[in-house]
Amino acid sequence: MDWVTHIFEGPSYEGQYHGYNEDDRYWNHQQPSADEFTDHEREEIDYAIALSLSEEDWKGKNVIDHEKEREQTSKAQLEEDERRAKALLEEDRKRAQLEEDERRAKALLEEDRKRAQLEEDELLAKALQESLTVESPTRPGGNLIEPHPISPFSGLRICAACNGRIGLGRFLNCMDAVWHPECFRCHACGLPITNPEFSLAGKRPYHKSCYKENHHPRCDVCKNHIPRNGAGLIEYRAHPFWMQKYCPSHERDGTPRCCSCERLEPRDHGYISLDDGRRLCLECLDSAIMDTNECQPLYLAIREFYEGLNMKVDQQIPLLLVERQALNEAIEGEKNGHHHMPETRGLCLSEEQCVTTVIRRPRIGAGYPLIPMITEPYKLVRSCEVTAILILYGLPRLLTGSILAHEMMHAWLRLNGFPNLRPEVEEGICQVLAHMWLDSEIYSSSANDAASSSSSSASFSSKKGKRPDYEKQLGDFFKHQIESDTSTVYGEGFRSANKSVEKYGLKSTLDHIRITGIFPL
């Protein structure tokens with residue numbers, strides 16, 4: 001610096017410079033003494049020394065400041081490192097929290113899925129329960145197992161079929177019980193029921209197809225399943241006595257009925273056709289009376305029945321079996337205008353006529369040679385109030401006998417001087433006698449009594465098999481026909497007459513009718 005240079009130059013003196021040696025560091029000239037400096041020079045030297053000391057002091061302070069700065073920098077770096085470490089820790093914590101949230105979310109989703117599956121199973125089970133009349137199912141071929149009264153949501157499920165524990169898998173909930181899907185089986189085929197819809201019979205479940213095969217009603221005529229109507233319901237007809245079930249269409253398609261028991265002809269076995277167009281079932285054919293000669297023993301038995309009631313008929317009234325055409329012609333020849341049923345099967349005549357009667361029965365059935373029916377005209381002569389009793393041929397013995405007992409009562413009334421009665425009174429009391437005779441035949445105390453009442457039984461004595469049982473059913477049916485008749489003349493007339501006879505007895509009722517022409521009240 002200039003001022004240093006100036007100081008070290010000092011006053012100007014002459015001398016020689018011999019060079020500078022850094023090791024020796026000395027001037028080759030004579031140094032002035034302190035006394036030789038002036039005051040001004042001393043001041044300048046002091047100032048320079050002070051300035052130099054000040055500069056050294058500044059340098060020392062500057063070193064201290066650098067140390068402090070380094071110290072501050074290190075502290076800031078440490079704080080930054082701590083901040084970054086905290087940031088990393090926070091990031092790790094958030095990542096862990098996110099993973100935990102995801103795990104919980106997955107667990108909730110799994111729980112919701114299981115709950116939804118459980119609800120779906122419950123809805124399926126309810127649908128199964130509501131599809132039918134659902135009772136407690138059973139394992140095929142086994143006994144019913146009472147279901148355990150445990151709620152399906154209680155955590156412990158016991159299968160009502162095998163009594164095994166049901167886990168968290170699929171199960172059926174119906175009929176207040178739970179089931180393994182493989183334990184809920186059809187009672188018919190033994191296979192599991194997997195369809196939401198099934199059918200029941202009693203307390204046993206079935207596949208719909210198995211139920212239809214085993215329990216869907218079949219027509220007794222065509223043997224097919226009875227079809228459903230437009231509303232989806234199974235509609236069929238049934239005979240009120242025989243309970244023969246059949247499709248409603250058979251009432252309109254010309255299916256024949258037995259002229260005796262009124263049952264429709266099944267497709268799998270036919271009825272016998274009689275010469276006048278009527279059809280007769282094989283059961284009724286077994287005891288059918290086919291000609292006049294065959295009916296004479298039954299006629300004598302019914303005369304004895306009347307005699308046992310103190311109502312003996314002394315006159316010898318001809319009894320003739322005829323075809324339907326001959327019977328209709330005889331009805332037209334009557335002048336007294338007696339009331340007749342739409343299908344007349346018997347007639348008490350009081351006019352002289354010529355009637356065609358059946359004198360030899362046709363042979364019908366397997367093992368018999370074909371022998372045609374033989375008829376001949378019969379001239380009726382009026383010797384009393386009754387000229388003859390006509391009965392339709394080819395009817396079972398009990399039906400023929402009940403018709404004969406009815407017509408015999410008409411003859412007894414006329415022969416005993418009863419006045420012309422109202423149709424419901426005369427037909428009503430005649431029906432009572434027919435009903436009484438059926439009672440006596442059905443509840444006969446011994447087979448000998450039944451045989452003595454009609455030697456016609458000898459004509460089919462070789463066919464006894466099921467005949468006695470079926471004859472009793474026929475007798476009950478003919479009684480049922482009389483009792484349930486809805487017509488005013490025959491039905492209401494019978495019920496009024498029977499009520500009077502039960503109350504007053506037959507003789508008193510007849511005496512009252514003779515005097516008043518009506519039933520006693």
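**Close-up views of a predicted model**

View 1. Phe241 is partly exposed, as its relative accessible area is 26%. Trp242, by contrast, has a relative accessible area of 17% and is therefore buried, the cut-off for burial being under 20%. This is a predicted model, and it holds 10 aromatic pairs. The ring centres of Phe241 and Trp242 lie 4.9 Å apart with the planes at 90 degrees, so this pair is edge-to-face. Both residues belong to one aromatic cluster together with Tyr470, Phe477 and Phe478.

**View 2. The ring pair Trp179–Phe184.** A distance of 5.6 Å separates the ring centres of Trp179 and Phe184, and their planes stand at 55 degrees, so the pair is tilted. Trp179 counts as buried at 1% relative accessibility; Phe184 is likewise buried, with a relative accessible area of 0%.

**View 3. Packing of helices H5 and H8.** Helix H5 (residues 292–308) packs against helix H8 (residues 423–442) at an angle of about 105 degrees, the axes being 12 Å apart. H5 is therefore roughly perpendicular to H8. On the H5 side the contact involves Leu298, Ile302, Phe305 and Tyr306, which meet Leu433, Met436, Trp437 and Ser440 of H8. Of the residues in this contact, seven are nonpolar, one is polar and none is charged.

**View 4. Confidence along the chain.** The protein has a mean pLDDT of 77, with 74% of its residues at 70 or more. Among its elements, helix H11 (residues 488–504) has the highest mean pLDDT (95) and helix H1 (residues 2–9) the lowest (40). The pLDDT is below 50 over residues 1–31, and it stays under 50 over residues 131–154. Where pLDDT is low, predicted coordinates should not be read in detail.

How values were computed:
Residues numbered from 1 in each chain as written. Predicted model: local features only at pLDDT ≥ 70, side-chain atom pairs only at ≥ 80, totals over all residues. Heavy atoms only, no water. Axes fitted to C-alpha atoms, helices over the stretch in contact; angles between N-to-C directions. Helix = DSSP H or I, 4+ residues; strand = E, 2+ residues; numbered from the N terminus. Parallel < 35°, antiparallel > 145°, perpendicular 65-115°, else oblique. Contact = heavy atoms within 4.5 Å. Nonpolar A, V, L, I, M, F, W, Y, C, P; charged D, E, K, R; others polar. pLDDT = per-residue confidence, 0-100. Phe/Tyr/Trp six-rings, centres within 6.5 Å; stacked < 30°, edge-to-face > 60°. Buried < 20%, exposed > 50% of the residue type's maximum accessible area, 1.4 Å probe, protein only.
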